[in-house]
Amino acid sequence: MRELLIRQKQVLFFVIAGGLSAIVEIGSFKAFNTYLPHVFARETNFHGIHYPLSNIFSTSCGIISNYFLSIWFVFERGRHSKRKEFAYFMGVSFISTLLSLGFFQVFYSFIFKDNINLIFYTLSPEMISKIAAILLVSILNYSVKKKVIFNG
């Protein structure tokens with residue numbers, strides 16, 4: 001088991017960094033979707049898009065934390081300059097954000113309709129949808145970031 005962990009260290013660190021970034025993203029999403037509807041009345045449903053600003057702001061928080069965790073703990077620097085690496089990272093993250101927003105809309109509108117009671121906390125349909133979208137997009141993110149951005 002220990003040898004497997006040593007060989008898969010990068011994947012393990014990616015999962016840990018992704019988990020921490022997901023905590024930042026989910027926590028900020030909860031804060032945004034609690035308070036933004038008081039400021040912007042259409043936040044809960046803007047032309048059929050549910051929680052658009054909350055999603056965009058929370059995803060941005062998650063992306064920024066993931067970038068720093070990725071360069072500090074997960075990947076070694078590739079052949080790109082820091083500026084180009086950051087630009088590629090943001091480009092991939094932008095596409096991932098669009099995918100995540102799309103998956104969130106599908107999950108929230110069609111799949112997750114009821115709360116899930118976890119005894120100590122109840123997950124609302126919007127939180128379940130956000131978590132599911134993050135998990136789905138993270139698989140794509142690892143592959144692209146490893147192969148394209150950090151060359152490895």
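Are Y51 and Y108 buried or exposed? In this predicted model, Y51 is buried, as is Y108, where buried denotes a relative accessible area under 20%, exposed one over 50%, and partly exposed a value in between, with a 1.4 Å probe and protein chains only. Residues are numbered from 1 along each chain as its sequence is written, and side-chain values rest on heavy atoms, with hydrogens and water left out. Because the model is predicted, local features require pLDDT of at least 70 and side-chain atom pairs count only at pLDDT 80 or more, whereas totals for chains, interfaces and linings use all residues.

The protein chain comprises five helices and two strands, taken as DSSP runs numbered from the N terminus, with helices being H or I of at least four residues and strands being E of at least two. From the N terminus on, these elements follow the order α-α-α-α-β-β-α, and the C-alpha trace spans about 45 × 40 × 25 Å along its principal axes. Of the 152 residues in the chain, 38% are buried. Among contacts (heavy atoms within 4.5 Å) between residues at least 6 apart in sequence, 66% join residues at least 24 apart.

Helix α4 contains 30 residues and reaches 40 Å from its first C-alpha to its last, close to the 44 Å expected at 1.5 Å a residue, the expected span being 1.5 Å times one less than the number of residues. Its buried residues include E85, F89, V92, S96, F104 and Y108, and the cover over the buried residues of α4 includes α2, α3 and α5 (125-149). Within helix α5, N141 counts as buried at 12% relative accessibility, and N141 touches F14, V92 and S96 when residues up to four places away in sequence are not counted.

Aromatic rings of Phe, Tyr and Trp (the six-membered ring for Trp) are paired if their centres lie within 6.5 Å, with planes under 30 degrees apart classed as stacked, over 60 as edge-to-face and the rest as tilted; by this rule the count is 11 aromatic pairs. The rings of Y51 and Y108 have centres 6.1 Å apart and planes at 80°, so this pair is edge-to-face. Since Y51 lies in the loop between α2 (9-39) and α3 (52-74) and Y108 in helix α4 (residues 82-111), the pair ties together parts 57 residues apart in sequence. One aromatic cluster is formed by Y67, F68, W72, F86 and F89. Of these, W72 lies in helix α3 and is exposed, with a relative accessible area of 57%; its C-alpha is 9.7 Å from that of A17, although W72 and A17 are 55 residues apart in sequence.

Side chains of opposite charge can pair when their charged atoms come close. A search of the whole structure finds one salt bridge, defined as a side-chain nitrogen of Lys or Arg within 4 Å of a carboxyl oxygen of Asp or Glu. The side chains of K130 and E25 meet in a salt bridge at 2.9 Å, N to O, and this pair links distant parts of the chain, with K130 in helix α5 and E25 in helix α2, 105 residues apart. Both K130 and E25 are buried.
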